[in-house]
Amino acid sequence: MQVFKAMFKITKKRLPSALAYIIVFIVISVIASSNASKDSKFEMTKLKICIFDEDDTSESRELSELIAQNHDIVEIENDRDVIIDSLYYKRADYALVINEGYAEKLRAGDTADIFASYCLDESFSTVYMGQFLDEYTNSVKAYLSMGMPIDEALSCTEEALSQETDVSMLRNDKGGDAHYSVDFAAYFQYMPYILISAVFIIVCQVLVTMNRRDIRFRTNCSCISSSKYTFQLFLGSGFFVLAVWLLFMAVGVMLNKEMYTGRAWYAVFNSLIFSAVVAAIAVFVSSFEPADNILNLITQVLGLGLSFLCGVFIPREILSDKVLSVARFLPAYWYINANEMIADVIPFSSEGVIQCYLIQLGFAAALILLTLLVRKVRYSGAAISTNVKKTAVSH
């Protein structure tokens with residue numbers, strides 16, 4: 001097991017940088033899973049609004065008070081440049097001007113040009129406030145048309161617009177299983193990107209070091225066969241990936257002690273299989289001995305590419321059929337497919353989950369065979385050329 005031991009000597013030197021990457025990705029995964037739970041909470045959006053009441057009547061003041069009940073009022077100077085700067089630097093979201101003659105026009109049922117506003121673009125705050133002002137003035141006009149006096153019309157409008165509705169966010173929290181919530185479905189959802197990014201940075205660098213010409217030629221001269229050498233590379237890579245995977249599973253236990261019960265074991269096994277796929281990809285890529293800058297590029301392309309194409313970052317419902325057709329030829333697609341079945345995003349089927357397992361294992365087996373072929377072609381050829389040179393020198 002000389003190759004196995006040599007790998008861990010190199011890994012030990014790179015361990016500080018490895019831990020830095022792993023800790024960063026653990027934080028990312030924890031944040032991702034915690035954000036999923038926030039979807040069940042509803043809070044009304046409060047805007048920072050500045051109001052300039054040029055009419056200064058009881059009607060205009062009543063509107064200002066109603067706005068202040070649901071939003072934060074910001075006091076700034078009534079100067080166009082100051083207002084624009086406040087909007088640009090987000091000190092205010094919306095600037096409302098109640099034009100002179102507001103009360104008189106409102107009593108007459110004329111709502112044209114009673115307001116002016118400052119905004120940078122057609123943002124959410126602009127649409128939100130525009131809709132509110134339209135609802136307010138239309139309600140007042142409706143009550144006035146019923147014969148109500150202005151005071152009563154304003155009071156009824158304020159009462160109608162101040163009514164609150166109890167909002168309950170529905171979410172598939174249990175997924176048919178009491179211990180596998182959408183929070184931990186999200187934790188496993190981001191695992192492909194995290195595993196690829198954390199593993200590639202370390203494993204590929206170690207393997208590229210092991211594949212250096214001087215080390216490879218020295219190995220070719222030893223009694224270790226090429227197949228045994230490759231096997232020990234796979235073994236060492238798999239051991240490191242397993243250690244990273246166990247660390248992520250331990251973090252999952254810390255987040256929820258009842259996480260690994262019931263259907264959640266399907267997700268655990270799914271992530272273990274994908275970890276094996278990542279190890280196989282890492283060994284395959286390192287066989288080409290990419291430079292550090294190329295390796296970083298490959299890591300980003302694989303991590304982000306698989307994540308965007310296969311539904312890690314973007315829900316698969318909004319991906320086009322052509323994208324999903326391409327994604328079916330990638331292992332992360334089947335990982336996400338299994339994870340969504342387990343969380344009941346799509347109907348759960350144990351046979352379907354096992355099928356996803358087998359397809360991922362098929363990718364791993366294909367990558368192993370390709371790696372053996374690449375190493376035989378590249379490194380056996382190097383050994384032959386070395387022997388030819390030695391023979392030529394001896395003659």
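**Confidence, then the sheet**

Reply: This is a predicted model. Start with residues 172-176: pLDDT stays under 50 there, and the stretch has 14 contacts beyond four places in sequence.

Me: Where else is the pLDDT below 50, and how many contacts does that stretch have beyond near neighbours in sequence?
Reply: Over residues 390-394. That stretch has one contact of this kind in the model.

Me: What's the mean pLDDT of the protein?
Reply: The mean is 79. Of its residues, 78% reach 70 or more.

Me: Where is confidence highest, and where is it lowest?
Reply: Highest in E1, at 91. Lowest in helix H9, residues 213-220, at a mean of 66.

Me: Switching to the sheet. What's the strand order?
Reply: E2-E1-E3-E4. The sheet is open, its four strands in mixed pairing.

Me: Which strands stand at the edges?
Reply: E2 (72-73) and E4 (115-118). Each has a single partner strand, so one side of each has no neighbour in the sheet.

Me: And E1 with E3, parallel or antiparallel?
Reply: Parallel, over five bridges. E1 covers residues 48-53 and E3 covers residues 94-98.

Me: Which strands does helix H2 lie across?
Reply: E1, E2, E3 and E4. H2 spans residues 58-70 and runs at about 175° to E1.

Me: What about H3, which strands does that helix lie across?
Reply: Helix H3, residues 80-88, lies across E1, E3 and E4. Its angle to E4 is about 55°.

Terms used:
Residues are numbered from 1 along each chain as its sequence is written. This is a predicted model: local features need pLDDT of at least 70, side-chain atom pairs count only at pLDDT 80 or more; totals for chains, interfaces and linings use all residues. Side-chain values use heavy atoms; hydrogens and water are left out. Two strands pair if DSSP finds at least two bridges between them. Helices (H or I, at least four residues) and strands (E, at least two) are DSSP runs, numbered from the N terminus. Contact means heavy atoms within 4.5 Å. Axes are lines fitted to C-alpha atoms, for helices over the stretch in contact, and angles run from 0 to 180 degrees between N-to-C directions. pLDDT is the predictor's confidence in each residue, from 0 to 100.
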